[in-house]
Amino acid sequence: MRMQIPKPLHPGDTIAVIGVSGCVHDDNREALVRESMRKLEALGFRVRLDDTAFAQWGYLSGTDEERAGAMNRAFADDTVDGVWCVKGGYGCIRLLDLIDWDMIAAHPKAFIGYSDITTLHTVLHERCHLCTFHGPMPKTDRFDGPSLDSLLHAVSGQPDRAVVNPDGAPMTCLRPGVAEGQLVGGNLCLLTSSTGTPYDLDVRGKLLFLEDVGEHVYAIDRYLQQLYHAGKLTDCAGIVLGRFADITGEYADSFTLEEVLSQLTQKLPVPVMGNLQCGHLKEKVTLCLGRRYRMDASAGTLTLTD
């Protein structure tokens with residue numbers, strides 16, 4: 001089925017900011033969330049803060065029903081032009097049976113977030129055939145410089161055709177080759193968690209983007225091996241790896257991340273490219289998930305084609 005590209009967002013449009021994942025843990029939660037709102041208002045958007053942006057239920061931004069309700073309300077409300085997740089953390093996987101995916105498919109609009117939000121990106125692609133944005137969130141990220149340019153280009157309907165790292169660093173070739181397809185994926189841990197469930201990601205013929213943060217090298221190795229044995233790394237058309245942030249090797253004689261990736265890519269049949277600055281980084285590009293990109297691993301290029 002043809003993917004739906006959401007209506008572009010422009011200054012003056014109304015954004016619903018929702019909590020669907022972890023809560024803001026700071027004692028001055030309300031002040032921090034309102035400061036986040038001002039980042040979007042400074043871009044010219046009208047902002048509606050859902051109560052879940054402030055809420056706390058354990059380590060979550062509200063009960064499962066409250067967070068799913070925020071997602072459903074934001075998409076059902078035709079006066080809302082876009083839906084922005086206030087932050088990630090953990091919790092989206094608890095919502096999947098409570099969200100009205102058929103309603104969302106009938107009310108497509110821009111949806112923005114990353115990290116734990118990967119879980120929702122996946123189902124929005126699979127069940128709603130909706131293109132979404134893997135981009136910065138107001139509580140977590142800065143909104144300035146090249147990162148802001150990439151974000152605004154993407155949500156305004158004029159995404160950068162050639163993806164370029166904000167710091168100008170080249171992308172690297174881990175396995176040569178050229179491939180084209182819908183770009184899907186996100187956080188490695190979250191994609192691994194959904195494998196084998198009804199909310200699994202179909203990667204066949206697509207470009208698979210993977211990134212993560214705060215993991216030990218052996219954990220990344222384990223996640224990648226699970227995806228490999230599940231066919232995710234061989235059925236896709238190509239793999240684009242982000243920078244893995246804050247990675248540690250637990251033992252003095254640990255493999256490095258580079259060694260783990262080299263060991264894996266040697267047995268893959270598809271091109272693999274690394275060092276895309278996207279995800280858990282201060283400076284990042286915004287990716288249009290669900291749209292078609294062309295990767296040339298040998299040249300280190302990623303280009304939007306549709």
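This is a predicted model: local features need pLDDT of at least 70, side-chain atom pairs count only at pLDDT 80 or more; totals for chains, interfaces and linings use all residues.

Student: What volume does the largest cavity have, and which residues line it?

Tutor: The largest cavity holds about 60 Å³ of space. Its lining consists of L191, S194, T195, D200, L201, V203, L208, L210, L227 and K232. Two or more of these residues come from each of α6 and β8 (207-211). By class, the lining has six nonpolar, two polar and two charged residues.

Student: How does the lining of the second largest cavity divide by class?

Tutor: Into nine nonpolar, one polar and no charged. The volume of the second largest cavity is about 40 Å³. Among the residues lining this cavity are L210, L224, I239, L261, L264 and T265. Helix α9 gives the largest share of the lining, three residues.

Student: How do I read the buried residues of α9?

Tutor: An α-helix has 3.6 residues a turn, so residues three or four places apart point the same way. In α9, the buried residues are L257, V260, L261, L264 and T265. They lie on the same side of α9 because they cover an arc of only 120 degrees around the axis. The elements covering them include β6, α7 (217-229), α8 (232-235), β9 and β10.

Student: Which element gives the most to the lining of the largest pocket?

Tutor: That is α9, with five residues. The largest pocket contains about 230 Å³ of space. It is lined by 13 residues, of which T172, L174, E258, L261 and N275 are the closest to its centre. Five of the lining residues are nonpolar, six polar and two charged.

Student: How many residues are in the largest nonpolar core?

Tutor: In soluble globular proteins, nonpolar side chains tend to be buried together. Here the largest nonpolar core has 42 residues, and L40, W84, L276, L287, Y293, M295 and L302 have the most contacts inside it. A second, separate core has 28 residues, including A16, V83, Y114 and C128. Leaving aside residues up to four places away in sequence, L302 touches several residues, among them R161, M171, V240, L276 and Y293.

Conventions
Residues are numbered from 1 along each chain as its sequence is written. Side-chain values use heavy atoms; hydrogens and water are left out. On a 1 Å grid over the protein atoms alone, a cavity is a set of points where a 1.4 Å probe fits but cannot get out, and a pocket is an open set with protein on both sides within 12 Å along at least five of seven lines; lining residues have an atom within 4 Å of a point. Grid points are joined across faces, edges and corners, and a volume is the space filled by probe spheres set on the points. Helices (H or I, at least four residues) and strands (E, at least two) are DSSP runs, numbered from the N terminus. Ala, Val, Leu, Ile, Met, Phe, Trp, Tyr, Cys and Pro count as nonpolar, Asp, Glu, Lys and Arg as charged, and the others, Gly among them, as polar. Buried means under 20% relative accessible area, exposed over 50%, partly exposed in between (1.4 Å probe, protein chains only). The arc is that of the directions from the helix axis to the C-beta atoms. Contact means heavy atoms within 4.5 Å. A nonpolar core is a set of buried Ala, Val, Leu, Ile, Met, Phe, Trp, Tyr and Cys residues joined through side-chain atoms within 4.5 Å.
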